[in-house]
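Colleague: Could we take a close look at one part of this model? Please spell out the terms as you go.

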Amino acid sequence: GYHVWRRICPLAVVAQVGRLVGRPGTKKMSDWMGRNYLPVQLGLLVTALAIRLMGTNGSAIWLAVFLGVVVVAAIVTSFVYAGKTWCNFLCPVGLVEKIHTEPAGDGASRLAGELTSQCAPCVACKKHCPDIDAEQGYWKEATDRARRIAYYAWPGIVVAFYTYYFLVAGDWDYYFSGSWAYDGAHPFDPGFTFLPQLPVIVAAPLTLVVFGLVSFALFALVETALVGH
């Protein structure tokens, strides 16, 4: 569930370093960020997935550098911004966390929220805080345009991530053999078998974005057909 994930996530812990050492941040995110944090998290996640396709999948060094940068970013955030700003607004996995666990049952959500000590005392870092009541937070934002964009685009991005192995190699052997886990970083290798002039550093994010846009368009059409607006 949502709160279990929040309690065991290593990034959620390092994002509290400022509070743990007695130097918590006090700034709060802007109103714009409060309305649009899910597309921002989606953009950060797409960037992370593109980096995976370019290098971290097949290079221990790239992976270590990437994880180090993310951990440092979470720690810095804890000294600048209040509460669980990293988890609520910036964590690239935050969107996936919500998709897989929301809406949580109201009773379980509130009980888990009461057991979450990281937020005591509450500093109101986020409106409709999911750590207090995940279900209420879900329904308060369920019809927001930002959530609609992120949720409708996500299935296409997942498909794009795995399809790219086929697009870059020309067959599925590259993926199912696992050779991609050992071939190192290759951001400037040919990005598509049908368009080798385009390097991976362009082709990988382009694939994720295009599939995401198509996914959003398809779900928006289905919504229009079912709901009428």
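Colleague: What is the relative accessible area of Leu206, and is Leu206 buried, exposed or partly exposed?

Modeller: First, the ground rules. The model is predicted, so local features need pLDDT of at least 70 and side-chain atom pairs count only at pLDDT 80 or more, while totals for chains, interfaces and linings use all residues. Residues are numbered from 1 along each chain as its sequence is written, and side-chain values use heavy atoms, with hydrogens and water left out.

Now your residue. Leu206 has a relative accessible area of 40%, so it counts as partly exposed. Buried means under 20% and exposed over 50%, with partly exposed in between (1.4 Å probe, protein chains only). Leu206 sits in helix H12. That helix covers residues 200-227. Helices here are DSSP runs of H or I with at least four residues, while strands are E runs of at least two, numbered from the N terminus. Leu206 and Ala160 lie 46 residues apart in sequence. In space, their C-alpha atoms are 9.6 Å apart.

Leu206 also belongs to a nonpolar patch on the surface. A patch takes residues with over 30% relative accessible area and no salt bridge; like charges are joined within 9 Å, nonpolar side chains (Val, Leu, Ile, Met, Phe, Trp, Tyr) within 5 Å. Leu221 is exposed, because its relative accessible area is 59%.

Ala185 is partly exposed, at 34% relative accessible area. Leaving aside neighbours within four places in sequence, Ala185 is in contact (heavy atoms within 4.5 Å) with Met54, Gly55, Ser59 and Trp62. Val40 is another matter: Ala185 and Val40 are 145 residues apart in sequence and 26 Å apart in space, C-alpha to C-alpha.

Next, helix H5, for a look at how a helix can have sides. H5 runs over residues 60-80. Its 21 residues should span 30 Å at 1.5 Å a residue, and its end C-alpha atoms are 30 Å apart, so the two agree. The expected span is 1.5 Å times one less than the number of residues. The buried residues of H5 are Val70, Ala74, Thr77 and Ser78. They cover an arc of only 105° around the axis, so they sit on the same side of H5. The arc is taken from the directions from the helix axis to the C-beta atoms. An α-helix has 3.6 residues a turn, so residues three or four places apart point the same way. The buried residues of H5 pack against helix H2 (10-14), helix H3 (17-20) and helix H6 (85-90). The face turned away from the buried side carries the exposed residues Ile61, Val65 and Val69.

Take Thr77 as an example from H5. Thr77 is buried, because its relative accessible area is 9%. Beyond its neighbours within four places in sequence, Thr77 is in contact with Thr85, Trp86 and Leu90.

The whole structure holds 6 salt bridges. A salt bridge is a side-chain nitrogen of Lys or Arg within 4 Å of a carboxyl oxygen of Asp or Glu. Lys98 and Glu102 form one, at 3.2 Å from N to O. Lys98 is buried, because its relative accessibility is 5%. Glu102 and Arg147 form another, also at 3.2 Å, N to O. This pair links distant parts of the chain, 45 residues apart: Glu102 is in the loop between helix H7 (94-101) and helix H8 (106-115), and Arg147 is in helix H10 (residues 145-169). Both of these residues, Glu102 and Arg147, are buried. Lys126 pairs with Glu141, with the closest N and O atoms 2.6 Å apart. Lys98, Glu102, Lys126, Glu141 and Arg147 are linked in a network of salt bridges.

Technical notes:
Areas by Shrake-Rupley, 256 points an atom, 1.4 Å probe, with all protein chains shown as cover.
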